[in-house]
Amino acid sequence: RSYGDRFAAFVEAFEPAAVVPYLADVARLEFALVEAYYASDDADLPASTQGALGIESQLVWRSSTRLIRSNYPIVSIWQAHKQGDDLAGLDWRAEDALVVRETNTVSAHLLDSEAVVIAEVFREPAPLLSALEALGPDGAPSAAQAIRRLLDLQALHSSPESQSHAQ
């Protein structure tokens with residue numbers, strides 16, 4: 001695994017690979033999947049607690065959560081490759097990937113730009129209120145949807161700070 005963190009940079013600098021400009025970002029996604037698989041386990045946010053989260057509840061990424069931003073459709077390319085499809089009908093637009101692990105299965109999910117903003121809020125422990133405010137005064141409904149999606153994908157868990165305040 002240790003060479004993987006440098007592989008995308010190698011691909012990016014490897015002149016013959018320049019004809020496949022998305023290859024380095026796909027390599028970053030692949031490495032994120034490996035990292036997520038081998039990440040340490042941490043306490044999950046119990047499903048029964050998700051509905052009871054308060055505005056000051058502190059959430060943070062699980063140790064297996066990764067976010068890969070790209071100017072290329074890396075999630076679509078990765079999925080097409082997994083299914084043995086060609087890339088002919090691909091919509092060549094930027095895509096951001098959220099990598100998560102559920103039990104022993106890792107997966108990559110496409111995130112829209114608003115969900116990326118919300119995911120970034122929780123890279124470090126943050127209260128729900130911070131995420132709800134991140135998209136501005138009119139963005140609370142979209143922020144709430146993004147938070148729900150991140151919780152459903154098991155990308156977040158209660159931060160240790162939140163658990164210590166509850167005791």
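E120 and R123 form a salt bridge, with the closest N and O atoms 2.8 Å apart. The model is predicted. E120 is partly exposed, at 31% relative accessibility. R123 also counts as partly exposed, at 37%. The structure holds nine salt bridges. Side chains of opposite charge can pair when their charged atoms come close.

Another of these bridges joins E35 and R66, with an N to O distance of 3.1 Å. This pair links distant parts of the chain. E35 lies in helix α2 (residues 23-38), whereas R66 lies in strand β2 (residues 66-70). The two residues are 31 residues apart. E35 is partly exposed, with a relative accessible area of 30%.

D91 and R93 form a further salt bridge, their closest N and O atoms being 3.1 Å apart. D91 has a relative accessible area of 49%. The value for R93 is 41%. D91 is therefore partly exposed, as it falls between the 20% and 50% limits. R93 falls in the partly exposed class as well. Salt bridges also build a network, which links E12, D25 and R28.

The largest nonpolar core comprises 23 residues. Within this core, I118, F122 and L150 touch the most other members. Several elements each supply at least two residues of the core. The strands are β1 (58-61) and β3 (95-102). The helices are α5 (113-121), α6 (128-133) and α7 (140-152). Helix α7 gives the most, with five residues.

L150 illustrates the packing. Neighbours within four places in sequence are left aside here. L150 is then in contact with L98, I118, A119, F122, A155 and L156. Two of these partners, I118 and F122, are named with L150 among the residues that touch the most other core members. A second, separate core holds 15 residues. Its members include L29, A36, I74 and A97.

F7, F10 and F14 make a nonpolar surface patch of about 300 Å². Ring pairs link F7, F10 and F14 into a cluster. F14 is found in the loop between α1 (4-13) and α2. At 40% relative accessibility, F14 counts as partly exposed.

Aromatic pairing was then considered. The structure holds four aromatic pairs. A pair of aromatic rings is described by the distance of the centres and the angle of the planes. Y22 and W92 form a tilted pair. Their centres are 5.4 Å apart, with 45 degrees between the planes. This pair links distant parts of the chain, the two residues being 70 residues apart. Y22 sits in the loop between α1 and α2. W92 sits in the loop between α4 (74-83) and β3. Y22 counts as buried, at 19% relative accessibility. W92 is partly exposed, at 44%.

Y37 and Y38 form a further ring pair. Their centres lie 5.0 Å apart. Their planes meet at 85 degrees, so the pair is edge-to-face. Y37 is partly exposed, with a relative accessible area of 37%. Y38 is partly exposed too, with a value of 49%.

How values were computed
Residues are numbered from 1 along each chain as its sequence is written. This is a predicted model: local features need pLDDT of at least 70, side-chain atom pairs count only at pLDDT 80 or more; totals for chains, interfaces and linings use all residues. Side-chain values use heavy atoms; hydrogens and water are left out. A salt bridge is a side-chain nitrogen of Lys or Arg within 4 Å of a carboxyl oxygen of Asp or Glu. Helices (H or I, at least four residues) and strands (E, at least two) are DSSP runs, numbered from the N terminus. Buried means under 20% relative accessible area, exposed over 50%, partly exposed in between (1.4 Å probe, protein chains only). A nonpolar core is a set of buried Ala, Val, Leu, Ile, Met, Phe, Trp, Tyr and Cys residues joined through side-chain atoms within 4.5 Å. Contact means heavy atoms within 4.5 Å. Patches are made of residues with over 30% relative accessible area and no salt bridge: like charges are joined within 9 Å, nonpolar side chains (Val, Leu, Ile, Met, Phe, Trp, Tyr) within 5 Å. Accessible areas come from the Shrake-Rupley method with a 1.4 Å probe; for residues, only the protein chains shown count as cover. Rings of Phe, Tyr and Trp (its six-membered ring) pair if their centres lie within 6.5 Å; planes under 30 degrees apart count as stacked, over 60 as edge-to-face and the rest as tilted.
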